[in-house]
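Student: Hi, could you walk me through this structure? I'd like to go from the overall layout down to single residues.
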Amino acid sequence: MADSQYVLEMDKVCKSFPGVKALDDVTFSVKRGDCHCLVGQNGAGKSTLIKILAGAYPLDLGVVRLDGRQVTFRSPDQALRMGISVLYQELALNPYFNAVENIFIGRELSNRWGIIDYERMKREAADLIDPFGVHVNLNVPIRELSVAQQQIVALAKALSFDSKVVVFDEPSAVLTTEELERLFAIIMRLKQSGVTVIYISHRLEEIFRIGDMVTVLRDGRVVGTTPVAEVTQPDLVRMMVGRDVGMEFPARKGCPSETYLEVANVRAPGLHSEASLVVRKGEILGIFGLVGSGRTELAHAIAGMSRVEYGEIRLKGERLSIQSPADGIRKGVALLPENRKDEGLVLGMSVAENTTMPIWRRIQKVGLLDRRELRCVADTYVNKLGVKTAGLDYPVRNLSGGNQQKVVLAKWLAANSQVLILDEPTRGVDIGAKMEIYRLVVDAAEQGLGIVLISSELGEVLGLADRVLVMRAGCIVGEFDPREVDQETILARAMGVA
Amino acid sequence: MTQFEKNESVVTLRPGRRMGIGQLMLEYNLYIILAVLLTISSIVSREFFTANNLTNLLLRCSFNGIISSGMTFVILTGGTDLSVGSVFAFAGVFLATIQRGYFFRFMPELTTAFEQAGELNPILPLPAAVALTVAVGGLVGLVNGLLVTKAKMPPFAATLGTMVAVRGLAFTYAGGFPIPGFTEGVKWLGTGQLGMLPVPVAIWIVVLVVVWVILKFTVFGREVYAVGGGETAAHFSGIRADRVKIAVYVISGMLAALAGVVMAGRMNAAEPREGAGYELDAIAAVAIGGTLMSGGKGSVLGTAAGAIVLGLIANILNLTNVPPYPQQIAKGLIILGAVLMQRFVSTR
């Protein structure tokens, strides 16, 4: 099989973790020079598969062949040297080193005296980076570069190993639309130079842009592998979830009534002009903006995570002085943060404790936490929201992304919030759970909460919101009625084209 | 992942698995270590299981036991407190000073102990004097907490600074020498008996129970775990993380001062050199007790067991006449072994 057309083959691979069969008899072959996409819901086994390829996990059963030869990776280092590089979502770069140091870390070029030859390293680094057509400052610590530039550095590093296979693990999650376009161009160029690309993404439209083949994983098994040209988006979705899911958004019944939250001429860190907005009872206000548009900063200013420099925030006409998240919560303004794992949940604590965290102080009796009440409240909301968990005392760490997000929602509903700001509520959540979160958001609005929905997914904002604000470069740059506007108009406004 | 329908309520994904013997052993390895050490002790020495030796053992452990109870709070939030050994010493010196009628007493010149000690002249009744001393320990903790939260210093650096400064304060108050002599009440705190129980052990037990109740059953206790498990998430959930962190350093300082008072009573002297290295013993007890150094997980009962393990090691080695220097080697290895086992449990 020396001249196999497949650069990489995984044959009947199995991998179990205690209590979970993560990969079950997975056979997966990638043709040389293809862009092979890998899709599946959270927990379908994508990351396990990638980690086996990267040498981070040993496999239990099965064979991995590279260029027709059977290989066993004992460490990520070994996989890298044999020609497989993985670009993870969180880039494995040293933020305090510059691009050159990052690319050559651990194998610095030296002159004949054994002294590191920075000039030569810099030349070679420039040779690696230049073809991408993106300017990258080689002299500053990479933490000062944009995420896209950092990705280029990681990519250059991967290519410096003469990688045969480059794996992209959800690169679009951290990129702006423009940066993503550039990444697609780079992937095309990689393919032309004979490098094979494995591309993982939640966003199906990307797969139709760049993919040659697509493999769908579900519950640790391969559901199918087909050329991208022969499937449609609904086909893929059906394969991923194993049933038909309408891409429809839940219908709205009630109509927004009196004004709840008013933000008047607010300036805060990260906002470049005064921001004003109004949210009514029972209304979903959508905010669309690309990464870095100031949408998270605005949310943080309203909910008390950052300080409002001037301007007023009023709830039902009453002026609020919110100095901290605790103040906001007490007044009924809550934020579901962008980063679920660091900001939304205390991962090591149980479902019950996370659900009730904001109201601990409300359910104490003579200084002691009322555990019965705590469990009772948690039980109510866990049931109401359909959180799938092995029990109330189960650590939220072990729940899937979608169920974790539901716990965050449950927490804010249990705290009797009146205004709920949702910052990217469906990021990193699989499609089935997305639909459920949409339903829960609409339910919350129907029950009379005021909701601010921040998202970089246009479909989501247009499908759910009653009104849409667009943000760009720290300013609110437009308001639209989602029934009367098309995606292109909003995107153009968000990108500053129109 | 199992299929499920909309509107379905809680679904049990995995039935609660029963623990195997191996898992049980890992879960309770600390208590197994304790049992093994006790067995070894009883084999190597006939005297071990005498009431006398056992109370002595607990007495030796009680000082570290009280300090490490406070340290547990700090480590649960992901911090550390290096200043406890200095606070321990300063508390004794401070109490000796107020028992001689002063609140401030700076002895810049080295004089002999007897010249400078002065007559006992208790200006405050004993409970008030002890409370004041403990409050001063809390004050040092407050400084630590403010440095960590408001000045955003790493706990290691902040408490290293106060450790050195407070040690200097103890020497300055005492003029470099021990201050001998306390009132009867203070001596009772260190040497008294409550039936079979030495007073320091009784104090330790009370501290232990109170700390256990706080950590397990109060909102503040759960907030300590939440802050240690994910500070940003806790803050975003409305927990005033800074206040929680300040509070844990205050508690740690107060308990270190309380232990210092008891020790001063026991020695019937305030020794400014006392307690050097106690911060490390306290951290070791917490670590052996299974509390994660990164915070968020652990218990004060584990810490107590950790303190007893440390005391037992010394006790066995003493009973078998191992000289003090090799004793340290053994102690170090046992600390490493215990923490290694804990790591093994927590990564499973």
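Student: How many helices and strands are there in chain A?

Tutor: Chain A of this predicted model has 17 helices and 22 strands. Its radius of gyration is 24 Å, close to the 23 Å the globule rule gives for 498 residues, so the chain is as compact as a globular protein of that length.

Student: And what box do the C-alpha atoms of chain A fill?

Tutor: Roughly 70 × 50 × 50 Å, taken along the principal axes. Buried residues account for 47% of the 498 residues in the chain.

Student: Which domains is chain A divided into?

Tutor: There is domain 1, covering 6–241, and domain 2, covering 259–495. Their C-alpha centres lie 33 Å apart.

Student: What share of the contacts in chain A between residues at least 6 apart join residues at least 24 apart?

Tutor: That share is 68%.

Student: OK, on to the sheet. In what order do the six strands of the open sheet in chain A come?

Tutor: The order is S6-S7-S8-S3-S9-S10, and the pairing is mixed. At the edges are S6 (84–87) and S10 (221–227), each of which pairs on one side only. From one strand to the next, the twist averages 20°.

Student: Remind me, what holds strands of a sheet together as pairs?

Tutor: Backbone hydrogen bonds, in either a parallel or an antiparallel arrangement.

Student: So is the pairing of S7 and S8 in chain A parallel or antiparallel?

Tutor: Parallel: S7 (residues 165–169) and S8 (residues 196–200) pair over five bridges. Within that pair, Val166(A) sits opposite Val197(A).

Student: Which strands does helix H6 of chain A lie across?

Tutor: Helix H6 (residues 177–192) lies across S3 (35–40), S7 and S8, and runs at about 145° to S8(A).

Student: Let's zoom in on S3. Is Val39(A) buried or exposed?

Tutor: Val39(A), which belongs to strand S3, is buried, with 26 other C-beta atoms within 10 Å. The cut-off for buried is 20 or more. Leaving out residues up to four places away in sequence, Val39(A) touches Leu204(A), Ile207(A), Val214(A), Val216(A), Leu236(A) and Met240(A).

Student: Now helix H14 of chain A. How many of the 14 residues are buried?

Tutor: 13 of the 14 are buried, so H14(A) is largely enclosed by the rest of the structure. At 1.5 Å a residue, H14 (residues 401–414) should span 20 Å, and its end C-alpha atoms are 20 Å apart, which agrees. After the helix comes Asn416(A), which has a positive phi near 60°.

Student: Last one, in chain B: where is Ile246(B) found?

Tutor: Ile246(B) is in helix H12 (residues 241–267) of chain B. With 21 C-beta neighbours inside 10 Å, Ile246(B) counts as buried.

Student: And what is Ile246(B) in contact with, leaving aside neighbours within four places in sequence?

Tutor: Leu142(B), Gly145(B), Leu146(B) and Thr149(B). By contrast, the C-alpha atoms of Ile246(B) and Trp204(B) are separated by 23 Å, with the two residues 42 apart along the chain.

Technical notes: Residues numbered from 1 in each chain as written. Chains lettered and ligands numbered in written order. Predicted model: local features only at pLDDT ≥ 70, side-chain atom pairs only at ≥ 80, totals over all residues. Pairing = 2+ DSSP bridges. Helix = DSSP H or I, 4+ residues; strand = E, 2+ residues; numbered from the N terminus. Axes fitted to C-alpha atoms, helices over the stretch in contact; angles between N-to-C directions. Contact = placed C-beta atoms within 7 Å. Domains from an automatic or database assignment. Rg over C-alpha atoms; globule rule 2.2 N^0.38 Å. Buried ≥ 20, exposed ≤ 12 C-beta atoms within 10 Å, placed from the backbone. Expected span 1.5 Å × (residues − 1).
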